[in-house]
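Please review the following structural briefing, which covers a ligand site, aromatic pairs and salt bridges.

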Amino acid sequence: MSHLPTAADLLQRFSQEGVRDVECLFPDVSGYPRGKLMPAASFARGQELRMAQAIPMQCVTGEYSYDPIFPDEDPDVRLVPDLATLRRSPWASVPRYLAVHDCVELDGELCAFAPRSVLKNVLARYAALGLSPVVAPEIEFYLTEVCTDPAQALRPPKGRAGQGEVGQSAFSMNLLNALAPFWDEFQAALDTLGIAADTWIHEVGCSQYEINLLHGDALQLADQAFLFKYAAKEIALRHGMNAVFMAKPIAGEAGSSMHLHQSVVDAHGRNIFSDEAGQATPAFAHYIGGLQTYLPDLVLVFAPFVNSYRRYVTGSQAPINLQWGEDNRTAGLRVPLSAPAARRVENRLAGADANPYLAIAASLAAGLAGMQTQCAPTAALVGDGYQQTHELPQTFMAAHERLAGSLHAQELLGPDFIRAYLAVKQLEHDHYQAEITAWERRYLVGQA
Ligand SMILES: NC(=O)CC[C@H](N)C(=O)O
């Protein structure tokens, strides 16, 4: 455990660097950054921060469903900084720091509705067994011109050649270089935030990119994925672009995922998925069996919006099943070829739109439950998984109903969280249903 700064350390550092304020951040239910800006000296002295308990549970349209989730009194929770996350803010125009916070009830319990709490509660279950998960997210996203009219399709940025790219150019170095001023600043921002990228590529889609984060501690990687998205959006706007993490932002183009590689190490740092001889252990099979058993109920966590379900299409490298296979991208659960120490499973279910805290929590909880109940996996998928039928809920409401009917989900992620999540997601869906779409106008105006 690295040394955390004391109040005196912080006061000294802030005054030396002329720091004016600190962004006191927490991820909301969608994984979007919310928080308060606090004078640096107050932060250093540990001044208490409070807000209404329901704030993390606002849906994307800004509302939250009071009834029946929250107490009538709309009580306070405290925002408590995790000082290990304290970093210089890369985008502020004045010297500023940021830190990720936990939402804590006044009695000291982690607030059950806050996504960071949900992950911490799952990790506590691993810790009680002397285990720690290792996680590596791979994050895909599009860079587009700033979207000023939601009725229009998103367009690729002009880039250095003055004309947006066309077609599909996976791994193109020229096109990666075309937006070099953005990448240079973004890479510097990630360095400042302590986020180590493993590789950067141009993905299949038109102006779609993928950055793989270096594997590590699950909570740290969730914080990193959260800050990665925040940083991408901030830096892209400085370059006249939107960084878009929707699962399927452009019809006919590839969707964007957040694949999650995961393994588990024991107290000695040994990967429990491989034995001394380098062979896969029963724990590895049970972990995969757990993902296959419990994830179908939890799809709404990996695919949280109506848009998410447009990504799960045949032949797109996006999953339509929860089969597992070695080195097989048509399986929802891919086992990459690796050395025994790096034996892991890649859960390909999450879209880039998923909340990283919740997606990581759900995947790790399912795997752990699989190991504890010794879930047997199916036989490995060999060949093309797209030849098989869809195994995932194909619409938002189908996934919502599945989650609503699941006792397992309540055990894995907590009944209060599941109740709140279902209510928020229902509210969001009601908004969607109230909107008349371009499709309806295109095909029905002249006829109906
Ligand atoms: N890197 C890949 O395998 C592509 C994944 C694909 N874009 C998806 O949405 O799942």
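The points below are grouped by topic.

The structure is a predicted model, in which local features need pLDDT of at least 70 and side-chain atom pairs count only at pLDDT 80 or more, while totals for chains, interfaces and linings use all residues. Residues are numbered from 1 along each chain as its sequence is written, and side-chain values use heavy atoms, with hydrogens and water left out.

**Ligand surroundings**

- Glu-140 places a polar side-chain atom 2.9 Å from a nitrogen atom of the ligand.
- Arg-311 has a side-chain N or O atom 2.7 Å from an oxygen atom of the ligand, and for Gln-317 a polar side-chain atom lies 3.5 Å from a ligand oxygen atom.
- The ligand taken alone exposes 300 Å², of which the protein buries 95%; accessible areas come from the Shrake-Rupley method with a 1.4 Å probe, and for residues only the protein chains shown count as cover.

**Aromatic pairs**

- The whole structure contains 21 aromatic pairs. Rings of Phe, Tyr and Trp (its six-membered ring) pair if their centres lie within 6.5 Å, and planes under 30 degrees apart count as stacked, over 60 as edge-to-face and the rest as tilted.
- Phe-141 and Phe-186 form an edge-to-face pair, with 6.5 Å from centre to centre and 80° between the planes.
- Because Phe-141 lies in strand β7 (residues 132–145) and Phe-186 in helix α5 (residues 180–192), this pair ties together parts that are 45 residues apart in sequence. Helices (H or I, at least four residues) and strands (E, at least two) are DSSP runs, numbered from the N terminus.
- Both Phe-141 and Phe-186 are buried; buried means under 20% relative accessible area, exposed over 50%, and partly exposed in between (1.4 Å probe, protein chains only).
- Ring pairs link Phe-141, Phe-182, Trp-183, Phe-186, Trp-200, Tyr-209, Phe-228 and Phe-245 into a cluster.

**Salt bridges**

- The search finds 22 salt bridges in the whole structure, each being a side-chain nitrogen of Lys or Arg within 4 Å of a carboxyl oxygen of Asp or Glu.
- In the salt bridge between Glu-17 and Arg-88, the closest N and O atoms are 2.7 Å apart. Glu-17 belongs to helix α1 (residues 7–17) and Arg-88 to strand β5 (residues 87–88), 71 residues apart.
- Glu-17 is partly exposed at 30% relative accessibility, and Arg-88 is partly exposed at 31%.
- Asp-28 and Arg-34 meet in a salt bridge with an N to O distance of 2.6 Å. Asp-28 counts as buried at 0% relative accessibility, whereas Arg-34 is partly exposed at 23%.
- Arg-50 and Asp-76 form a salt bridge, the closest N and O atoms being 3.3 Å apart. Arg-50 lies in strand β3 (residues 50–52) and Asp-76 in strand β4 (residues 76–81), so the pair ties together parts that are 26 residues apart in sequence.
- Salt bridges that share partners join Asp-82, Asp-102, Arg-116, Lys-120 and Asp-223 into one network.

How values were computed. A polar contact is a pair of N or O atoms within 3.5 Å; within protein, one must be able to donate a hydrogen and the other to accept it, and residues adjacent in sequence count only if both atoms are side-chain atoms.
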